[in-house]
Amino acid sequence: MRAVSVVGVGLTQWGKRRDVSLAELMVESAMKAFADTKSLTPQDVEALYIGNAQAERFQEQAHPANVTAEYLGMSPRVVARVEMACSSGSVGVRNAFFAIASGQVDSALVLGVEKMCNVSSAEAMRNLCLVEDLTWESFHGMIPPSGFALIASRYMHEYGVTQEQLAKIAVKNHRNGAKNPIAQFRKEITVEDVLNSPMVAHPLNLLDCSPISDGSAAVILAPAKQARKYNDTPVDIIGSGQFMEPSCNCSNMESLTTWRALVNAAKDAYSMAKLSPSDLDIVETHDCFTIAELIEYEDLGLCKKGEGPALVDSGETEIGGRIPVNPSGGLKSKGHPVGATGVAQIAEVSEQLRGECGPRQVDGATVGMTQNLSGFATHHVCHILRRQN
Ligand code: COA
């Protein structure tokens with residue numbers, strides 16, 4: 001297998017983007033990623049992957065890869081739209097990684113996109129419900145907020161975590177997002193703000209939740225040996241793991257509080273990278289709800305099972321702490337245009353490892369991890385990246 005590098009990244013402004021169409025949003029992030037390389041143009045790239053969950057529902061636009069290729073003037077040898085709900089983007093990156101690693105192509109553009117704000121929050125949630133099992137879950141009210149609220153209640157029962165401790169995760173991520181120019185919410189909040197925000201599904205309040213968002217992210221990958229031709233500070237993808245629980249239905253999960261698919265995806269990524277959790281300098285996780293980030297600390301091995309709440313209290317996951325988590329602001333503050341999230345995580349870690357994140361920079365970061373999930377935490381994708389020497 002050939003080593004693979006990130007040689008260009010680009011993100012649009014996230015939030016409400018009524019000024020552009022879905023394809024225009026993708027072109028915006030793609031052109032930023034090309035401008036981030038020394039010389040690559042869309043016509044040079046051999047493969048195009050589009051991470052997108054629901055363009056049919058939100059835009060009535062099927063086949064977005066075809067449309068975007070034309071807007072970009074591309075004629076790729078390999079092209080695919082990748083749909084894995086909230087983890088569509090990172091599965092797109094993983095496909096591009098293996099296409100280059102295997103020698104099938106010498107360059108790939110991965111675009112992640114979702115444009116969710118042209119409908120009401122209620123309609124957006126109705127669309128998001130479609131990714132759960134219609135017969136056994138969403139029909140009975142098991143939708144993303146209630147599903148993660150169930151997980152939070154179970155965690156409270158098994159290990160004990162307070163709503164204040166969960167709120168601290170939202171406070172940290174808003175503090176980081178306030179320093180990220182593309183973030184949807186650039187506003188710091190307090191624990192009291194979180195506790196006093198409207199209840200969505202007990203014990204999760206509005207400020208425990210990621211928002212409904214528009215946004216796109218792009219990364220360009222190339223073989224590591226050629227990477228310096230395109231970028232002076234390439235970042236190598238040195239580990240990749242993906243895993244699914246035997247059932248997508250949360251009532252069949254072995255445990256609601258230990259996500260077996262995450263443990264396995266992380267294990268594969270660590271094993272490919274020949275690294276362990278203590279080697280990481282930064283992590284971007286899928287904090288769709290505050291409880292998710294807490295469980296992710298434990299299942300990624302940043303602390304032992306049941307010690308997530310103590311890790312929150314210690315402040316070690318803050319920028320400047322032992323292991324900063326979600327320096328971008330995470331899904332909570334940066335936003336969660338679902339198909340774009342996994343690609344944006346790769347972009348953030350790449351920029352961090354290049355030392356280009358300004359006020360939210362984690363000093364001296366050389367190794368970083370991304371983790372992206374879908375369903376009721378039943379499917380996970382992890383990547384490990386390292387700055388090329
Ligand atoms: N975080 C911070 N602020 C938020 C927010 C969030 N998640 N969601 C909305 N807001 C703000 C809005 O900007 C608005 O502020 P303003 O009054 O100053 O303009 C206010 O809260 C009300 O916004 P509104 O859009 O009316 O909220 P809503 O009640 O319709 O929706 C949620 C709020 C939390 C229910 C909605 O964002 C949601 O469903 N989130 C979960 C998305 C999800 O499940 N994604 C998949 C995860 S796997």
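This is a predicted model: local features need pLDDT of at least 70, side-chain atom pairs count only at pLDDT 80 or more; totals for chains, interfaces and linings use all residues.
Local features need pLDDT of at least 70 and side-chain atom pairs count only at pLDDT 80 or more, while totals for chains, interfaces and linings use all residues. Residues are numbered from 1 along each chain as its sequence is written, and side-chain values use heavy atoms, with hydrogens and water left out.

**Exercise 1. Find which residues have the most contacts inside the largest nonpolar core, and which elements build that core.**

Step 1. Buried means under 20% relative accessible area (1.4 Å probe, protein chains only).

Step 2. The largest such core has 48 residues, and F148, W259, I291, M369 and I384 have the most contacts inside it.

Step 3. Now the elements, which are DSSP runs numbered from the N terminus (helices: H or I, at least four residues; strands: E, at least two). Those giving two or more residues include helix 6 (144-158), helix 11 (290-299) and strand 10 (367-374). Helix 10 gives the largest share, 6 residues.

**Exercise 2. Work out which side chains put an N or O atom by the ligand, and how much of the ligand the protein buries.**

Step 1. Look for polar contacts, here pairs of N or O atoms within 3.5 Å. The S121 side chain sits 2.7 Å from a ligand oxygen, and the K332 side chain 2.8 Å from a ligand nitrogen.

Step 2. Alone, the ligand exposes 920 Å², of which the protein buries 61% (Shrake-Rupley method, 1.4 Å probe).

How values were computed. A nonpolar core is a set of buried Ala, Val, Leu, Ile, Met, Phe, Trp, Tyr and Cys residues joined through side-chain atoms within 4.5 Å. Buried means under 20% relative accessible area, exposed over 50%, partly exposed in between (1.4 Å probe, protein chains only). A polar contact is a pair of N or O atoms within 3.5 Å; within protein, one must be able to donate a hydrogen and the other to accept it, and residues adjacent in sequence count only if both atoms are side-chain atoms.
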